[in-house]
Amino acid sequence: MSTSSLFKWRHFLPEIILLNVRWYCRYSLSYRDLEEMMQERGMGADHSTINRWVLRYALELDKRIRLHLKPTNDSWRVDETYIKVRGVWKYLYRAVDSEGNTLDFMLSTKRDGKAAARFFRKVLKGQHTQAPRVITVDKNAAYPIAIETLKEDEVIDQETELRQSKYLNNIVEQDHRHIKHTVKPMMGFKSFNSARKTLRGIEAMNMIRKGQVKEVKPGDSASQVKFIEAIFGIAA
């Protein structure tokens, strides 16, 4: 999709829209925080408008960074954390490699073998991931069921080791904190679909922050901005 059609009828410059999407998905800010910050800069973007921007472009951000992600290794660390949607806890499956690089993520209404198997299949489809040599999980009984299913379906090798160790899984549990820290000011999502879209933007910004894209070094905010504007076709 061209840049002109992507931002058509938005009444704001693409740079301003992406600034709000980037800040919302990267920092602990509410929509009303951003509304005030825009007012200070003489821009009348209210919180509902910014909400629409995030739901539209967070999804697009996740799609566009995929081709730029660096390869990850074959040691997976998998866990799930909790996300509140309409007052009910849902499950955010997340996987990183042994160096802390994000493999993928999936929001699910259930926490069982079928959901875990669906998540593993999603990770395997990633262009930046490779087949696992070892998968480290916690003591959740759903994971052995999921791995057995995948081996029976010949989705993963029979030699793939499933290692259930909470200690070795600390790396993914620590990585959850960045997501939870960003989600906290949102005080829960109003729908599963809005949660799914927003989380894709948050996870995308987390990958960019960690330096997982080829053009950006970890913690380099200036190059993050240039990269995001470039993939949306608005770089100077």
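## A buried serine

S165 is buried, with a relative accessible area of 17%, which falls under the 20% limit for that class. This comes from a predicted model, so keep that in mind as you look around.

Where does S165 lie? Its place is the loop between β5 (161-164) and α7 (170-183). Setting aside neighbours within four places in sequence, S165 is in contact with T136 and V137.

## The largest pocket

Next, let's turn to the open space. The largest pocket holds about 390 Å³. Its lining is made up of 16 residues, and those that lie nearest the centre are Y24, Y31, N51, M186 and K190. Two or more lining residues come from each of α3 (31-40), α4 (47-65) and α8 (192-209).

Which element gives the most to this lining? That is α4, with four residues. Sorted by class, the lining of the largest pocket has seven nonpolar, seven polar and two charged residues.

## Two loop residues with positive phi

Most residues other than glycine have a negative phi, and here are two residues to check against that pattern. R86 has a phi near 55°, a positive value in a residue other than glycine. You will find R86 in the loop between β1 (75-85) and β2 (88-97). With a relative accessible area of 68%, R86 is exposed, as the class calls for over 50%.

E154 also has a positive phi, near 60°, and is likewise a residue other than glycine. E154 sits in the loop between α6 (142-152) and β5. Is E154 buried or exposed? At 70% relative accessibility, E154 counts as exposed.

Notes: Residues are numbered from 1 along each chain as its sequence is written. This is a predicted model: local features need pLDDT of at least 70, side-chain atom pairs count only at pLDDT 80 or more; totals for chains, interfaces and linings use all residues. Side-chain values use heavy atoms; hydrogens and water are left out. On a 1 Å grid over the protein atoms alone, a cavity is a set of points where a 1.4 Å probe fits but cannot get out, and a pocket is an open set with protein on both sides within 12 Å along at least five of seven lines; lining residues have an atom within 4 Å of a point. Grid points are joined across faces, edges and corners, and a volume is the space filled by probe spheres set on the points. Ala, Val, Leu, Ile, Met, Phe, Trp, Tyr, Cys and Pro count as nonpolar, Asp, Glu, Lys and Arg as charged, and the others, Gly among them, as polar. Buried means under 20% relative accessible area, exposed over 50%, partly exposed in between (1.4 Å probe, protein chains only). Contact means heavy atoms within 4.5 Å.
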